[in-house]
Every structure is written in C-alpha cells, then in structure tokens.
Amino acid sequence: MGLSDITDRVHAAEDKAGRAKGSTRLIAVSKVQPLERVTKVLDEGHRIFGENRVQEAAGKWPDFRKQYDDIELHLIGPLQTNKARQAFELFQAIHSVDRPKLAKTIARLAQETGHCPELFIQINTGEEEQKAGVMPADADAFISQCKALDLPISGLMCIPPVDEAPSLHFALLAKIAKRNGLDGLSMGMSSDFEEAIAHGATHIRVGSAIFGERDYG
Ligand SMILES: *Cc1c(COP(=O)(O)O)cnc(C)c1O
C-alpha cells in the first residue's frame, strides 16, 4: 500500500460509482506517524492531511509548512472550546463540530478573525455513548442552529461503529445531509473508503493504508 495505490483505488471507486475522477478529496491521516513517513507523502506531492489532536498538529505542521507550500490541514478529532483559537490558526477544516457551545465559540472566533475554517458537523450515527457527535434525532435542529450562527457548514462527518456494516451509516449520513441541503460528506477510512465513495463521500480520511500501521507504543 501507499499513496499511489490508494489514489488508484479512489479513482477506480469513483469510476465504478459513476462519479467524476477527482471528486473525492483524500485526507491523508498522519496522526502518530513518524515524520519520515509524512515527509515521503509530502514529497510525492500530496498536500491534504488530517490530524486528530490540536497539540500534536501544532508540534509538527508549522515546520512542514515552512518546507512545503499549500498544505491543507483538517482537524478530524474532538475539539475542546479552549483549543478552538489554536485550531483556527492551524486548520483549514474542522470535521468535529458537535455541540452548541463549540458552534458559538467558532462563530465568535470567525467574527473576530474575519475568517473561518471549512466546517463539518459530526453525527454519531451509531448512537454510541463513548463517541462524539450529535445524535441523529438531534441533527436537523443542530444544523439549523449552526446555520443561524452563519457558520460555513460544508457537510457532515461520521465514524461508524467498528462492529457494524459501515454502509448503513454512510447511507444514514447521506440522508441527513440531503434533507438539510448539505453537499459535503466526510466518511470512509482505510478499511471502508471504497464503500464510502459509493455512498457519495466527498472527503475520505485514510491513515494506515497510506502510511502503514500506527505505533502507539
Ligand atoms: C485515525 C482516524 C482515521 C484514519 O484511520 P485509518 O483506519 O488509519 O484509515 C479516520 N478518521 C478519524 C476520525 C480518525 O481518528
């Protein structure tokens, strides 16, 4: 595996789904990966990366930005309101908007700074207690609330439960997005991105299949 294999598989999945080549944005999830592996993918020309922790991203991406132009960084993990300001400085997109307090903080920072990252609302499609995200039943109301705050919501994001067929969750996310007039769908990881593309994913988040297994040891 590696970047070019995954890019080929993305294009094949787009083709099979009758979608335009390049209509899926591939976010290379670099969390926990050794810097050499990230450098290799940067040298291969890739520029869209995902991190799940603000602190970790702050530790490595400012240096990479000095060496490489046009890096686009996506926050795909939970965001505490006290880190929102830092997230504004580091990230071009936030995929984990999931509660009114955070939405209000983001709205205030957008007012203050005159810019806002691209935003995705995380939906807890599996209704898992330990997982972040808005419950499906509360999604429409929360999306309306974000729109009322003038937040630039691009779409929705989900992380399906590990032990369930992801396609059901992708279909549910697509349905909630559609009825709310949202186009963006951030869904699909190393093990299921092709299915996600078949269900209309606009952003897939792929880590280990590009970089190799993560070593948390
Ligand atoms: C780590 C992570 C990924 C990537 O997972 P892989 O299985 O390595 O592709 C995708 N999305 C989120 C939210 C993650 O935290």
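Start at Ser-208: one of its polar backbone atoms is 2.8 Å from an oxygen atom of the ligand. That counts as a polar contact, meaning a pair of N or O atoms within 3.5 Å. Keep in mind that this is a predicted model, where local features need pLDDT of at least 70, side-chain atom pairs count only at pLDDT 80 or more, and totals for chains, interfaces and linings use all residues. Residues are numbered from 1 along each chain as its sequence is written, and side-chain values use heavy atoms, with hydrogens and water left out.

Ser-190 puts a polar side-chain atom 2.5 Å from an oxygen atom of the ligand, and for Arg-214 a side-chain N or O atom lies 2.8 Å from one. On its own the ligand has 390 Å² of accessible area, and the protein covers 89% of that (Shrake-Rupley method, 1.4 Å probe).

Who else is around? The residues around the ligand (a heavy atom within 4 Å) include Val-29, Lys-31, Ile-76, Gly-207 and Ser-208. By class, this shell has 5 nonpolar, 3 polar and 3 charged residues.

Now zoom out to the largest pocket, which is where the ligand sits (more than half of its atoms lie within 2 Å of the pocket's grid points). A pocket here is an open set of points on a 1 Å grid over the protein atoms alone, with a 1.4 Å probe and protein on both sides within 12 Å along at least five of seven lines; lining residues have an atom within 4 Å of a point. Its volume is about 380 Å³. Among its 19 lining residues, Lys-31, Ile-76, Ile-159, Met-189 and Arg-205 are the closest to the centre.

Technical notes:
A polar contact is a pair of N or O atoms within 3.5 Å; within protein, one must be able to donate a hydrogen and the other to accept it, and residues adjacent in sequence count only if both atoms are side-chain atoms. Ala, Val, Leu, Ile, Met, Phe, Trp, Tyr, Cys and Pro count as nonpolar, Asp, Glu, Lys and Arg as charged, and the others, Gly among them, as polar. Grid points are joined across faces, edges and corners, and a volume is the space filled by probe spheres set on the points.
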